[in-house]
Amino acid sequence: MKLHSYKEDFLEAVYVLLQKNGSVHLSDVAESLDASASDVCQAAARLQQDGDLTADRSGALHLTSAGKKKALEMQEQRFFEELLYSSVRPVPVAGG
């Protein structure tokens, strides 16, 4: 998976888990994305450097306003993609 896409998936996973559970840790994100702990740690470090994510002393992850905005944009994009793909009907091929 491309790093850019992985970072977007990570942000969206953190957002969804925060909404669902109220708090989220790296292990929750790893489980949600079916990813290794090292991949999740690297992505979290990059997102912190980019200003999209913070972590408190207990290890709980928090989205910054920029990170939350990106996560919401990803959710919106996925929603419209799913809507588009679910409304597309296959066209029968003549002679097939």
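Tyrosine 15 lies in helix 1, which spans residues 3-21, and in this predicted model the residue counts as buried because its relative accessibility is 14%, below the 20% limit used for that class.

**Tyrosine 15 and its partners**

- Once neighbours within four places in sequence are set aside, tyrosine 15 is in contact with Leu63, Lys68, Ala71, Leu72 and Gln75.
- Histidine 62 is 47 residues away from tyrosine 15 in sequence, yet the C-alpha atoms of these two residues are 8.6 Å apart in space.

**The largest nonpolar core**

- The largest nonpolar core holds 18 residues, and those that touch the most other members are Phe10, Val14, Val29, Leu53, Leu61 and Leu63.
- Two or more residues of this core come from each of helix 1, helix 2 (26-33), helix 3 (37-49) and strand 2 (61-63), with helix 1 giving the largest share, seven residues.

**Leucine 53 in strand 1**

- Leucine 53 is found in strand 1, residues 53-55, and counts as buried because its relative accessibility is 2%.
- Apart from residues up to four places away in sequence, leucine 53 touches Phe10, Val14, Ala44, Leu47, Gln48, Leu61, His62, Leu63 and Thr64.
- Between leucine 53 and lysine 68, which are 15 residues apart along the chain, the C-alpha separation is 8.8 Å.

**Helix 2 against helix 3**

- The axes of helix 2 and helix 3 come within 9 Å of each other and cross at roughly 115°, and the crossing is right-handed.
- On the helix 2 side the contact is made by Leu26, Val29 and Ala30, and on the helix 3 side by Val40, Cys41 and Ala44.
- Sorted by class, this contact has six nonpolar residues, no polar residues and no charged residues.

**Aspartate 34 in the loop**

- Aspartate 34 is placed in the loop between helix 2 and helix 3, and it counts as exposed because its relative accessibility is 73%, above the 50% limit for that class.
- Most residues other than glycine have a negative phi.
- Aspartate 34, although not a glycine, has a positive phi of about 55°.

**The chain as a whole**

- Of the 96 residues of the chain, 27% count as buried, tyrosine 15 and leucine 53 being among them.
- Among contacts in the chain with a separation of 6 or more, 52% are between residues 24 or more positions apart.
- The accessible surface of the chain comes to about 6,700 Å², and carbon and sulfur atoms account for 53% of that area.

Methods
Residues numbered from 1 in each chain as written. Predicted model: local features only at pLDDT ≥ 70, side-chain atom pairs only at ≥ 80, totals over all residues. Heavy atoms only, no water. Helix = DSSP H or I, 4+ residues; strand = E, 2+ residues; numbered from the N terminus. Buried < 20%, exposed > 50% of the residue type's maximum accessible area, 1.4 Å probe, protein only. Contact = heavy atoms within 4.5 Å. Core = buried A, V, L, I, M, F, W, Y, C linked by side-chain atoms within 4.5 Å. Areas by Shrake-Rupley, 256 points an atom, 1.4 Å probe, with all protein chains shown as cover. Axes fitted to C-alpha atoms, helices over the stretch in contact; angles between N-to-C directions. Left-handed = near helix turned anticlockwise from the far one by under 90°. Nonpolar A, V, L, I, M, F, W, Y, C, P; charged D, E, K, R; others polar.
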